[in-house]
Amino acid sequence: MSAINLDRRVVGEAASTHEATPKPATNYLNHETTIASWLLTLDHKRIGLLYLVGISLMFVLGGAFAGLIRLELMTPKGDLLTGDVYNKSFTAHGVVMIFLFLIPSIPAVLGNFLLPIMIGTKDVAFPRLNLLSFYVYAAGGVFLALALLLGGVDTGWTFYTPLSSTYANGNVMVAALGVFVIGFSSILTGLNFVVTIHRMRAPGMTWFRMPLFVWAMYATSLIQILGTPVVAITIALVGFERFLGVGIFDPRLGGDPILFQHLFWFYSHPAVYIMILPSLGVASELVSTFSRKGVFGYHIIACSSIAIAIFGFVVWAHHMFTSGLSQYAAMVFSVLTFSVAIPSGIKVFSWLATMYKGSVSLASPMIFFFGFIGLFTIGGMTGLFLSTLGTDIHLHDTYFVVAHFHYIMVGGAIMGFMGGIHYWWPKITGRMYNETLAKISAALIFVGFNFTFFPQFFLGYMGMPRRYHEYPEELQVLNVLSTVGASVLAIGYLTPGIYLPFSFFFGKKAPKNPWGATTLEWTECESPPSPHNFDHNPPVYDHVYDYSTLNKEAAVVSH
Amino acid sequence: MSAHNSANVEAHAGHPHHEPASLVVYFSTFSALMILTILTIWAGMQDFGALNTPIALGIASFKAVLVVLFFMHVLHSSTLTKLTIFASMYFLGILMVFTLADYLSRGWTGQ
């Protein structure tokens, strides 16, 4: 083991020594410093950072609402929040976390920053659209903030009719308008990425030489383009019904409330894959770099990303098994839902096979990866309980569902995001962060997360429904456990909020390729990158995860 | 010379050559759309029973196809553009077919 560690250190030094070329005088962070140069930038890297600031603020806001929910659930009685305020709190938590944080998290931050560099180009295909997408996102956020300030919305993030139509207050349409607007931001990002990947790859960068993160972003972008307009139309239809009296969802006008659920979930289930697919892409990069080995089953992982995007569009009605869906349609959707497990399983097994006989190092991004793979697997497996028609009748709308989707959307998606941020932080900022604190943070998040959400599987199985602010006394122990876990989780998330900004100003300067990775952003690009990423067309001759050159360099140094 | 030719071929593949559509095509398409609009209004005043909606949707779809093919130039666009249109329609088809799979089978009790 010590020999392996020694070798790795040598490799790291080799990479640093080899790359000790003079850094360019300017990089994308310092070549222009005015506020206007940031707010009006067309540079994909700066836009990525604008998004990072935006989503970080939203994460804190959404987390604050989560804190309120968990504090209320410390006791069986509704003694902190009234039922109405509780409803508004979980709605705000869901809306902010999903539409303002999770959906733009990896695509808009890491995707924007890295995708052009990883395929060897200078920017995305439409830089102005890229900047517009950020301001559209910000405008949508303003509408949602307005809805909160006007008194909030109590429909849950799903905006189900008739709660959002017949029985809604005026704030629902303000919030829905916010979601409608944010959707266009998502579409613009997806459109930009699809065109960039199709048209702007460096010479030699064939489809099957692209990093798996790019494949994941491609699959995500397809969902964003194809799915998001449907939710926009659905929201518009709610508006038509409310203001023009057109019968679409209201039975009194000849409509059908379940139609809303069909249209909503046609987007919102694939939206889960908008959140998790990019994390799966990040995971593939992490496992390869920190195992010093090409990804096992590269082609099948690339194709499984596309398969997940496609399967993701034909499973939506598993959210509606108890809503009056026909039993035959339910059976079809149940079988199709099981099929999503296949491409997901392919990825997990391929990552494990990549680590097998690899030179695995335990740098902090890899610790996040380990957390990710465990939580994602538990989240995925418990999804099979819910796709089974019989058990779903019992578990639907209970805390089992809450635990399941948090394992995917927080355990999977955010753990992947954190892993990605830690992995690419030296590239983004040109600085190294405190590795020990990062590992502590990863451990706190993993432990805190499991204490928060694992008890909720039991709560749900025992029959505790979601979205209630009171519960029977015998369920208090598990709820207290969950709240205490949430406190640990919050500390785990706040810690990087301190050491990462600190490292930005005071951290050790990062070498060009501190992890010894093989993708273009590490091998051909300085840390931080120059304003136009590359001074020349980066050469792409080999498979993307070819470690033979780096290993040879390491061997030369060690002799 | 051959390199020049291959470069041309590549440029041609990447950016398909757009023949400027003649005014005759535009006006013919516009006329067809106007006629179909009159047909829509006429059909809206008739009672075809269960065929009311299919007939209205049929005329509307035909009009949409004319717009896409001629006004949006898809008829002479690259294969990638056609594939993009097809993919969008395919996904719309998934939405319609699977949603109708629920509505049309709700009366089936299995008895």
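1. The second largest pocket of this predicted model has a volume of about 1,100 Å³. A pocket here is an open set of points on a 1 Å grid over the protein atoms alone, with protein on both sides within 12 Å along at least five of seven lines. Grid points are joined across faces, edges and corners, and a volume is the space filled by probe spheres set on the points. Lining residues are those with an atom within 4 Å of a point. The lining of this pocket counts 46 residues, and A:H269, A:H318, A:H319, A:H404 and A:F405 are the ones nearest its centre. Two or more lining residues come from each of α4, α8, α10 (327-355), α11 (364-387) and α13 (399-429) of chain A. Helices are DSSP runs (H or I, at least four residues), numbered from the N terminus. α11(A) provides the largest share, eight residues. By class, the lining of the second largest pocket has 25 nonpolar, 16 polar and five charged residues. In this scheme Ala, Val, Leu, Ile, Met, Phe, Trp, Tyr, Cys and Pro are nonpolar, Asp, Glu, Lys and Arg are charged, and the others, Gly among them, are polar.

2. Notes on the basis of the values. Residues are numbered from 1 along each chain as its sequence is written, while chains are lettered from A and ligands numbered from 1 in the order in which they are written. Because the model is predicted, local features need pLDDT of at least 70 and side-chain atom pairs count only at pLDDT 80 or more, whereas totals for chains, interfaces and linings use all residues; side-chain values use heavy atoms, with hydrogens and water left out.

3. How many cavities of 30 Å³ or more does a search of the whole structure find? The search finds four. A cavity is a set of grid points where a 1.4 Å probe fits but cannot get out. The largest cavity holds about 100 Å³ of space. Its lining includes A:K88, A:T91, A:L144, A:G152, A:F159 and A:A175. α4 (83-118) and α5 (127-149) of chain A each supply at least two residues of this lining, and the largest share, five residues, is from α4(A). Nine of the lining residues of the largest cavity are nonpolar, two are polar and one is charged.

4. The second largest cavity has a volume of about 80 Å³. Among the residues that line this cavity are A:Y51, A:F99, A:P104, A:Y137, A:S185 and A:Q224. At least two lining residues come from each of α4 and α6 (171-199) of chain A. α4(A) gives the most, with five residues. The lining of the second largest cavity has eight nonpolar and four polar residues, and no charged ones.

5. Two helix pairs in chain A deserve a look. Two packed helices are described by the angle between their axes and the distance between the axes. The axes are lines fitted to C-alpha atoms over the stretch in contact, and angles run from 0 to 180 degrees between N-to-C directions. For α7 (residues 212-244) and α8 (residues 257-289) of chain A, the axes come within 8 Å and cross at roughly 160 degrees. That makes α7(A) roughly antiparallel to α8(A), a term used for angles over 145 degrees. α7(A) passes α8(A) in a left-handed crossing, where the near helix is turned anticlockwise from the far one by less than a right angle. The contact of α7(A) with α8(A) involves 21 nonpolar, seven polar and one charged residues.

6. The second pair is α5(A) and α6(A), whose axes come within 8 Å and cross at roughly 165 degrees. These two helices are therefore roughly antiparallel to each other. The crossing of α5(A) and α6(A) is left-handed. Their contact has 18 nonpolar and nine polar residues, and no charged ones.

7. Some backbone details are worth checking in the loops. The peptide bond from A:T161 to A:P162 is cis, with omega near 5 degrees, and A:P162 is in the loop between α5 and α6 of chain A. A:S527 and A:P528 are also joined by a cis peptide bond, with omega about -10 degrees. A:P528 is in the loop between α16 (520-523) and α17 (548-558) of chain A. A:D397 is not a glycine but has a positive phi of about 60 degrees. This residue lies in the loop between α12 (389-395) and α13 of chain A.

8. Chain B is divided into domain 1 (22-72) and domain 2 (76-106), with bounds from an automatic or database domain assignment. The C-alpha centres of these two domains of chain B lie 20 Å apart.

Terms used
Angles under 35 degrees count as roughly parallel, over 145 as roughly antiparallel, 65 to 115 as roughly perpendicular and the rest as oblique.
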